Amino acid sequence: MFYFLSKSVLQYGRHTAAVSPTHKHFSFQLSPSIITIRFFISTLENPNKHSFAASYLISKFGFSPESALSASKHLSFKTPDNPDSVIRMFQHYGLSQDQIFKLVKKYPRVLSCKPEKTLLPKLKFFHSKGMSGNDIAHILCAHPCILNRSLENQIILNFNFLGNLLQSNEKTIAAVKRYSPILYHKIDTYLKPCIDILEEYGVPKRHIATLVHRSPRSVMMSPNHLRSIAETVREMGCDPLKPHFATAVMVMGLLSKSGWERRLGVYKSWGWSEEDVLAAFIKEPWCMMTSDDKIMAVMDFLVNNMDCEPSFIVKNPYLLKPGLKTTFIPRASVAQFLLSKQLIKRKPNLVTLFLCSEKLFLEKFVNCFDEAPQLLKLYNKRNQIFQK
């Protein structure tokens with residue numbers, strides 16, 4: 001123990017963390033500090049005061065002495081054998097040095113896990129379902145407590161339940177990455193009751209699957225709260241058979257009451273009534289998830305630059321989705337050029353201009369004109385300016 005600590009002190013003096021020869025890849029550059037030196041002096045004066053685990057966290061992962069001491073209270077290893085085995089196992093399943101570093105920083109207790117008993121079965125299962133090292137790292141770093149959950153009674157059951165609903169391991173993995181707790185909370189607590197409620201309201205299973213895939217958090221709330229939201233959305237006039245019903249439920253589940261009121265105020269500042277906002281929400285629920293700044297910027301551009309009436313946007317709330325700099329300004333520049341050269345007789349329909357696909361836009365507003373090279377240059381120049 002004295003040798004290990006003495007070596008660490010010397011290594012810190014050279015601005016380098018001590019690294020086990022068997023793990024030369026784990027090398028973290030650290031700045032020497034008075035705190036670090038005091039920690040080791042204190043350790044040498046009172047060997048029983050500080051644990052081997054704290055020293056390991058400092059030398060391997062660059063923990064500060066304070067955080068290492070705090071974390072080491074929950075770590076039981078007294079030799080490098082177990083934590084080294086944990087690191088090797090993560091490396092074997094494709095986690096990078098940076099990902100392991102991030103995981104240990106967030107959840108130091110992972111180094112005390114039993115590699116063969118606790119980690120290996122879960123990593124094998126994840127791998128067997130098609131998860132890459134990056135997928136596994138993303139899930140574990142977001143919610144490392146999943147390592148303490150039952151593989152058979154929670155993780156496998158939940159994954160299979162989601163797989164049956166989504167009909168794809170790839171979509172299931174995407175959903176789990178978006179909200180990892182969906183993989184380890186008991187099915188009967190949130191997931192199944194919430195799905196049952198949506199089915200009661202007549203939401204088609206394919207729309208529920210889309211909702212779970214895109215926003216798994218939406219079905220991980222109190223079933224009573226979800227029922228209240230579904231009832232509110234139906235009372236607004238949303239048809240449960242239409243895709244927008246599930247989207248509206250998702251938006252209202254994610255948006256707080258104060259957030260809803262704030263968005264309402266922003267739209268009202270452009271002359272919309274509360275009925276207008278609800279009408280737009282029913283058509284395009286995401287209009288209430290658009291940031292205040294973007295709503296103001298897009299409305300200002302459409303109303304003041306494109307002579308668009310606010311009432312037209314109420315009827316076409318999809319216009320709030322494209323990016324101002326990446327879509328509106330470049331495409332508007334092309335339209336203005338065409339009008340100025342009298343290549344088109346009247347201003348194009350704004351929905352067609354701004355919401356059509358890139359391919360259709362180029363076909364309809366660029367490539368069909370003799371001035372196509374100039375138009376394409378203008379369009380690309382505007383795009384490049386804003387992408388920098």
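Guide: **The largest nonpolar core**

The largest nonpolar core has 121 residues, and Phe-90, Val-110, Leu-111, Leu-302 and Phe-354 touch the most other members. A nonpolar core here is a set of buried Ala, Val, Leu, Ile, Met, Phe, Trp, Tyr and Cys residues joined through side-chain atoms within 4.5 Å. Buried means under 20% relative accessible area, exposed over 50%, and partly exposed in between, using a 1.4 Å probe and protein chains only.

This is a predicted model: local features need pLDDT of at least 70, side-chain atom pairs count only at pLDDT 80 or more, and totals for chains, interfaces and linings use all residues. Residues are numbered from 1 along each chain as its sequence is written, and side-chain values use heavy atoms, leaving out hydrogens and water.

Take Phe-354. Leaving aside residues up to four places away in sequence, Phe-354 touches Phe-301, Leu-302, Met-306, Leu-319, Pro-322, Thr-327, Phe-328, Arg-331 and Ala-332. A contact means heavy atoms within 4.5 Å. Leu-302, in that list, is also one of the core residues that touch the most other members.

Now the cysteines. Cys-356 counts as buried because its relative accessibility is 12%. Cys-238 is buried too, at 5%. The whole structure has zero disulfides, a disulfide being a pair of cysteine sulfur atoms within 2.5 Å.

Now the wider setting. Buried residues make up 48% of the protein's 388 residues. Of the contacts between residues at least 6 apart in sequence, 71% join residues at least 24 apart.
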